[in-house]
Amino acid sequence: MGDCIFCKIIAGDIPSNKVHEDELVYAFRDINPQAPVHILVAPKEHMKDMAECATRADDLAGHIMKVCVKIAENEGLVNGFRLVTNKGEDGRQSVGHLHVHILGGGQLSEKMG
């Protein structure tokens, strides 16, 4: 997608603070962190949201979750972390490219939003 900011980040057209990259996903630090550790994990292939990802025959969704857990461990989030993905306007999805937020580095609010 030519106008997708995450596609541009993944392609290297927009700089990012990369945390992880493999053949399927790209992970980078959020530029507006909502927690001491705030990392975004996005598939390299453009897809709108987790609902679209879930329709695939492969296990991309499972791979994304495994990568999130690996990153959380590498970041030292031993006391816990939160994974969040948003869908659509009511879900407050601000970028139309599937991404999972890894939030941690201290006790998070009980409030989700």
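Biologist: Which residues have the most contacts inside the largest nonpolar core?

Modeller: This is a predicted model, in which local features need pLDDT of at least 70 and side-chain atom pairs count only at pLDDT 80 or more, while totals for chains, interfaces and linings use all residues. Residues are numbered from 1 along each chain as its sequence is written, and side-chain values use heavy atoms, without hydrogens and water. A nonpolar core is a set of buried (under 20% relative accessible area, 1.4 Å probe, protein chains only) Ala, Val, Leu, Ile, Met, Phe, Trp, Tyr and Cys residues joined through side-chain atoms within 4.5 Å. The largest has 17 residues, and those with the most contacts inside it are Val41, Ile64, Ile71 and Ile102.

Biologist: Which element gives the largest share of this core?

Modeller: Helices (H or I, at least four residues) and strands (E, at least two) are DSSP runs, numbered from the N terminus. Two or more core residues come from each of β2 (25–29), β3 (37–43), α3 (60–74) and β5 (100–104). The largest share, six residues, is given by α3.

Biologist: Which residues of α3 are buried?

Modeller: The cover over the buried residues of this helix includes β1 (18–21), β2, β3, α2 (50–54), β4 and β5. Those buried in α3 are Leu60, Gly62, Ile64, Val67, Cys68, Ile71 and Ala72.

Biologist: Why does valine 69 count as partly exposed?

Modeller: Valine 69 is found in helix α3. Partly exposed lies between the buried limit and the exposed one, over 50%. Valine 69 counts as partly exposed because its relative accessibility is 33%.

Terms used: Contact means heavy atoms within 4.5 Å.
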